[in-house]
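Subject: Structure handover and notes

Hello,

Please find the model below for your files. My notes come after it.

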Amino acid sequence: MFSHRWPLPFPPRALLLAVVVAVGATEARAQTGAPGALAEELLPGLAPILRRAVERSPDAIKRGLELEQAEARTYVSRGAMLPNLAVNGRYGVNQASTTSGTNQITNNSSGFYYDVGLNQPLYHWGALQAQADIDQIGVKIAAREYADAARLLVGQVRARYLELVTKKSALRRDQFQFELATKGFAALEDQLAAGRATAAEVAAARVGLQMARLGLDQKLADLAYAKRVLQRLAGLDDLPDDTIPAQLPTPAPAADRGEGMLRAFLGGGATETDRGRVFTLGIARAELDFRIAKTGLYPKFFLNLSHNVSNSTQAGFGVLHQEAIAQNSVSLGVNWTVFDGLATRGRTREALARKRVNERQLQTYVEATADAAQNLRQLADFAARALDFAENALGGARGNLAVAKENLARGHAAPDDVAAADAGVLAAETTAVLARAEFLNRWADFVSLVGADPVMKLLPPRYVR
């Protein structure tokens with residue numbers, strides 16, 4: 001007859017407790033969080049940082065100024081279609097002296113002269129309107145580039161913030177292990193004093209403790225540097241330590257993990273992203289450039305209205321003469337470049353080539369982005385599987401801690417066993433935090449790429465055109 005005895009210190013009741021704890025952790029994980037949750041949904045401290053980054057980060061300010069430049073250029077192109085009014089005036093004093101033989105004649109004159117001219121382009125074969133449309137497209141491109149840059153910036157800020165969380169989690173684990181090592185070294189010194197340890201063992205332990213201290217200091221410095229990087233990236237004046245937790249709640253991946261979003265994206269969503277729209281607008285701009293270039297050898301017509309006034313006074317040989325002349329004119333002008341050394345041909349060919357470049361870039365982008373979306377979804381799946389493994393391992397470590405505590409209460413374990421189990425839980429939690437952060441990063445990358453990132457709703461309307 002087969003029989004099995006439970007060896008101490010693992011009685012059946014304690015082992016059952018460990019299993020219950022592990023299973024309970026798994027079930028709790030399945031019931032917490034939102035499907036496909038983003039980091040800011042689990043970490044409230046991240047949301048205001050993302051909002052600040054979108055509005056006032058150095059990159060956001062730079063992109064905003066570029067948009068203002070594009071908007072300013074529209075005034076120039078619109079102005080070319082409107083009447084141009086110019087006023088010129090002067091006041092002059094002249095003296096002329098004429099000598100003939102023994103006679104010398106001196107003539108003094110002074111007067112005020114001014115003219116007003118109005119110039120209106122009449123017909124330029126649609127070139128002026130096309131240029132105005134080009135500048136309007138430039139505004140739309142700048143707005144789309146701002147939005148796309150904001151999308152990428154949000155991804156970077158999320159990743160940096162999660163990196164800080166994982167670093168703090170690892171630092172907590174290392175600090176606990178360092179405290180255990182310090183206590184162990186103190187106990188070893190006591191053993192040396194009692195003759196139960198050698199000086200060599202103490203010396204080796206001292207070197208190990210010093211190396212652990214060095215590693216801890218390096219990680220503290222690395223954490224401080226990572227905080228400064230995030231501050232600069234998001235345009236933050238300060239980033240208090242209490243805004244960065246050392247724990248990360250467990251996300252609950254959706255069952256399909258974005259299958260619907262992926263299908264919609266593959267059905268033509270890539271062309272509707274901000275980057276896709278930039279290429280589409282680039283095609284439209286190149287077509288307008290071609291339309292303008294074709295008019296290079298066409299005659300351009302202008303209408304000119306002018307009003308000239310001169311008031312003069314002349315004095316000589318005791319005679320004073322005043323004269324006022326007013327003149328009005330209306331003229332129709334034409335400017336016709338008959339031959340420009342094939343420059344027009346070059347400009348038309350350049351515009352057509354630029355159109356083909358944008359078309360090729362759009363096609364390449366759509367294909368590459370569709371492939372990237374499928375890859376990111378797959379990476380999110382892999383990260384979700386790794387997350388399950390890490391969470392199960394954490395549940396097991398917590399079960400071991402519960403067993404160790406129960407054995408300690410029964411007198412079947414020492415306090416060091418509980419401390420070791422505590423260290424195991426911290427190590428498993430650090431690994432789980434890394435797995436959670438990895439899944440959140442991969443999921444956020446996917447959601448961002450397919451154009452479903454809710455943070456983009458924070459953009460002002462002028463940046464989404």
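The notes go from the overall fold to helix pairs and then to single residues.

This is a predicted model, in which local features need pLDDT of at least 70 and side-chain atom pairs count only at pLDDT 80 or more, while totals for chains, interfaces and linings use all residues. Residues are numbered from 1 along each chain as its sequence is written, and side-chain values use heavy atoms, with hydrogens and water left out.

Overall

The protein has 10 helices and four strands. Both are DSSP runs numbered from the N terminus, with helices being H or I of at least four residues and strands E of at least two. Along the sequence the order is α-α-α-α-β-β-α-α-α-α-β-β-α-α. Of the 465 residues, 36% are buried; buried stands for under 20% relative accessible area, exposed for over 50%, and partly exposed for what lies in between (1.4 Å probe, protein chains only). Taking contacts with a separation of 6 or more, 83% are between residues 24 or more positions apart, where a contact is heavy atoms within 4.5 Å.

Helices α5 and α6

Helix α5 covers residues 127–193 and helix α6 residues 199–234; their axes are 9 Å apart and the packing angle is about 160°. Axes here are lines fitted to C-alpha atoms, for helices over the stretch in contact, and angles run from 0 to 180 degrees between N-to-C directions. The angle makes α5 roughly antiparallel to α6. On the scale used, under 35 degrees is roughly parallel, over 145 roughly antiparallel, 65 to 115 roughly perpendicular, and the rest oblique. The α5 and α6 crossing is left-handed, meaning that the near helix is turned anticlockwise from the far one by less than a right angle (clockwise would be right-handed). In the contact of α5 with α6 there are 23 nonpolar, three polar and 12 charged residues. The classes are nonpolar for Ala, Val, Leu, Ile, Met, Phe, Trp, Tyr, Cys and Pro, charged for Asp, Glu, Lys and Arg, and polar for the others, Gly among them.

In helix α6 sits G208. With a relative accessible area of 39%, G208 is partly exposed. Its C-alpha atom is 8.8 Å from that of A181, a residue 27 positions away along the chain.

Helix α3 (residues 46–56) has L46, I49, L50, A53 and V54 as its buried residues. These lie on the same side of α3, because the arc they cover around the axis is only 135°; the arc is that of the directions from the helix axis to the C-beta atoms. An α-helix has 3.6 residues a turn, so residues three or four places apart point the same way. The cover over the buried residues of α3 includes α2 (39–42), α4 (58–79), α5 and α6.

L50, in helix α3, counts as buried at 2% relative accessibility. Leaving out residues up to four places away in sequence, L50 touches E40, V154, V157, R158 and V455.

The axes of α3 and α4 are 5 Å apart, at an angle of about 30°. This makes α3 roughly parallel to α4. The contact consists of A53, V54, E55 and R56 from α3 with P58, A60 and I61 from α4. By class, the α3 and α4 contact has five nonpolar, no polar and two charged residues.

Helices α7 and α10

Helix α7 (residues 259–266) and helix α10 (residues 415–449) cross at roughly 35°, and their axes come within 10 Å. The crossing of α7 and α10 is left-handed. From α7, M261, L262 and F265 meet W443, F446, V447 and L449 of α10. This contact of α7 with α10 has seven nonpolar, no polar and no charged residues.

Positive phi values

Two loop residues should be noted. W125, in the loop between β2 (103–123) and α5, has a phi near 60°, a positive value in a residue other than glycine. W125 is partly exposed at 35% relative accessibility. L342, in the loop between β4 (319–335) and α9 (343–410), has a phi near 70°, again positive in a residue other than glycine. At 48% relative accessibility, L342 is partly exposed.

Regards
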